[in-house]
Amino acid sequence: MKKRLVYLSLLFMTITMACKKQGLALFDDQSSQNSIYFPLAETATRFDFSFGYIKPDVPDTTLKIVVRAIGSVADHDRAYHLSIADSSTMKAGLDYQFMNEKFVIKAGAVADTLRIKMKRNAGMKKDSLFMYLDLKPNENFVNSLLSREEVSGGKKVTKYFTRLKVKVDDIAGIPWFWTTGKSPAASFVIAYLGTFGTNKFQTMISRYGLDVSKITAEKYIPPTTQIIGWANGMKAYLDQMTAMGTPVYETDGSLMKMGLSAK
């Protein structure tokens with residue numbers, strides 16, 4: 001019995017060592033050596049951000065996007081070439097600013113993080129703005145991991161790993177729980193919170209410290225007591241601001257109001 005156990009242990013060790021060697025061989029495969037890509041592209045076709053769910057007085061935000069290299073680490077800094085496509089509707093200096101001094105993967109590292117300051121402006125309230133990032137080959141990196149064809153929804157699509165679309169706006173979409181025809185609680189919500197408005201929603205998020213990812217999730221409906229609490233608290237705030245001579249308005253210039261049931 002002991003001999004059999006020793007034999008199985010040796011066999012397991014042999015298989016494990018073989019797998020490790022095979023993994024190293026794949027890692028050092030020259031076909032992918034020194035390629036560079038956006039890891040986000042593995043799971044998403046673009047990077048979306050909206051100021052619409054952030055309080056109105058926030059002037060900017062910094063987006064972080066990882067750039068990763070495939071292959072062994074190097075003992076020296078490796079600059080990479082990042083290009084912004086001419087088709088981008090965002091304008092450098094006006095809509096965005098790169099915080100990176102250089103685009104480089106440092107010695108001993110396999111990744112770098114792009115830090116892009118997005119500047120909030122009035123144009124973002126009307127339309128989404130786009131930036132197209134493109135990693136180009138240079139003396140340090142190649143584009144062997146350029147694209148891959150996949151099947152999505154029964155159709156063949158091409159997924160690009162060295163190109164990334166960044167979308168930014170200042171438009172707050174109506175959350176599911178507030179949407180007539182989708183949420184079974186919509187009529188109750190409107191009775192207390194009133195008609196949806198971007199400024200109203202931003203003010204609620206700011207005043208109550210709401211978790212945007214939670215309250216904008218599909219199928220999420222806040223507890224009844226919470227909806228009533230938001231409505232009554234907001235009405236008191238709006239009444240106070242009006243009494244002080246500083247009424248609060250919606251983006252269309254109309255006076256901000258809560259629903260008829262708010263007290």
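## Aromatic cluster

Tyr 53, Phe 177, Trp 178, Phe 196, Phe 201 and Trp 230 come together in one aromatic cluster. The model is predicted: local features need pLDDT of at least 70, side-chain atom pairs count only at pLDDT 80 or more, and totals for chains, interfaces and linings use all residues. Residues are numbered from 1 along each chain as its sequence is written, and side-chain values use heavy atoms, with hydrogens and water left out.

## Aromatic pairs

There are 12 aromatic pairs in the structure. Rings of Phe, Tyr and Trp (its six-membered ring) are paired if their centres lie within 6.5 Å; planes under 30 degrees apart count as stacked, over 60 as edge-to-face and the rest as tilted. Phe 177 and Trp 178 are a stacked pair because their ring centres are 6.0 Å apart and their planes stand at 25°. Phe 177 is buried, at a relative accessible area of 1%, and Trp 178 is also buried, at 3%. Here buried means under 20% relative accessible area, exposed over 50% and partly exposed in between (1.4 Å probe, protein chains only).

Phe 188 and Tyr 192 make a tilted pair, with 5.0 Å from centre to centre and 45° between the planes. These two residues are four apart in helix H2 (residues 186–193), so about one helical turn separates them. Helices (H or I, at least four residues) and strands (E, at least two) are DSSP runs, numbered from the N terminus. Phe 188 is partly exposed, with a relative accessible area of 29%, whereas Tyr 192 is buried at 17%.

## Charges over rings

Arg 163 lies over the face of Tyr 160, 4.5 Å from the ring centre. The charged end of Arg 207 is placed over the ring of Tyr 237, at 4.1 Å from its centre. The criterion is that NZ of Lys or CZ of Arg is within 6 Å of the ring centre and within 35 degrees of the ring normal.

## Strand pairing

An open sheet of mixed pairing is formed by four strands in the order S2-S12-S9-S5. Its edge strands, S2 (46–50) and S5 (81–84), each pair on one side only. Two strands pair if DSSP finds at least two bridges between them. Six bridges join S9 (residues 129–136) and S12 (residues 163–169) in the antiparallel sense, and Leu 129 is opposite Val 168 in S12.

S3 pairs with S1 in the antiparallel sense over three bridges, with Tyr 37 opposite Arg 68 in S3. S3 and S8 also run antiparallel, joined by nine bridges; Ile 65 is opposite Leu 114 in S8.

## Nonpolar cores

A nonpolar core is a set of buried Ala, Val, Leu, Ile, Met, Phe, Trp, Tyr and Cys residues joined through side-chain atoms within 4.5 Å. The largest has 30 residues, and those with the most contacts inside it are Phe 38, Leu 114, Met 118, Leu 133 and Val 166. The elements giving two or more residues to this core are S1 (35–37), S2, S3 (60–70), S6 (96–98), S8 (111–119), S9 and S12. A second, separate core of 25 residues includes Trp 178, Ala 185, Trp 230 and Leu 238.

Not counting residues up to four places away in sequence, the residues that Phe 38 touches include Ile 65, Leu 114, Leu 133 and Arg 163. Contact means heavy atoms within 4.5 Å.
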